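Please look over the sequence and the structure shown below before reading on.

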Amino acid sequence: MSTNSTSSRVYGLLLFLLFEVIVFFGLQYLLSDMGMSNQIQAENTIVPNWVKAVLFILLYILCILVAVMLVSNFVPGKHRKQLSRWVYLALLALVPMLFLLFN
């Protein structure tokens, strides 16, 4: 692997992490008034947090799709195959984000 390829992957990873952090905190702020913090109550139901989780998932996937559409216009053709790897990684990152959202 050449140093140019390694530096571009590190740069891509840093941009990916920046994107993930911005999207997570943005959606967390957007959905902050939804759900209940204390689920252990006799009269409590899971519905408010379920709505928050589903809305988070849908908005997160929408952010990923918009980002892929924008980035695919600026990335050279030889690097477009790597976009699918970043999308799969973003979908895997969704699971820990859901846990962090409710803690």
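## The largest pocket and its surroundings

The lining of the largest pocket is made up of 16 nonpolar residues, four polar ones and one charged, where Ala, Val, Leu, Ile, Met, Phe, Trp, Tyr, Cys and Pro count as nonpolar, Asp, Glu, Lys and Arg as charged, and the others, Gly among them, as polar. This is a predicted model, in which local features need pLDDT of at least 70 and side-chain atom pairs count only at pLDDT 80 or more, while totals for chains, interfaces and linings use all residues. Residues are numbered from 1 along each chain as its sequence is written, and side-chain values use heavy atoms, with hydrogens and water left out.

The largest pocket has a volume of about 640 Å³. Of its 21 lining residues, Gly 12, Leu 15, Val 71, Leu 83 and Trp 86 are the closest to its centre. A pocket here is an open set of points on a 1 Å grid over the protein atoms alone, where a 1.4 Å probe fits, with protein on both sides within 12 Å along at least five of seven lines, and lining residues have an atom within 4 Å of a point.

The protein has three helices and zero strands, helices being DSSP runs of H or I with at least four residues and strands runs of E with at least two. Of its 103 residues, 20% are buried, meaning under 20% relative accessible area with a 1.4 Å probe, protein chains only.

Key
Buried < 20%, exposed > 50% of the residue type's maximum accessible area, 1.4 Å probe, protein only. Points joined across faces, edges and corners; volume = space filled by probe spheres on them.
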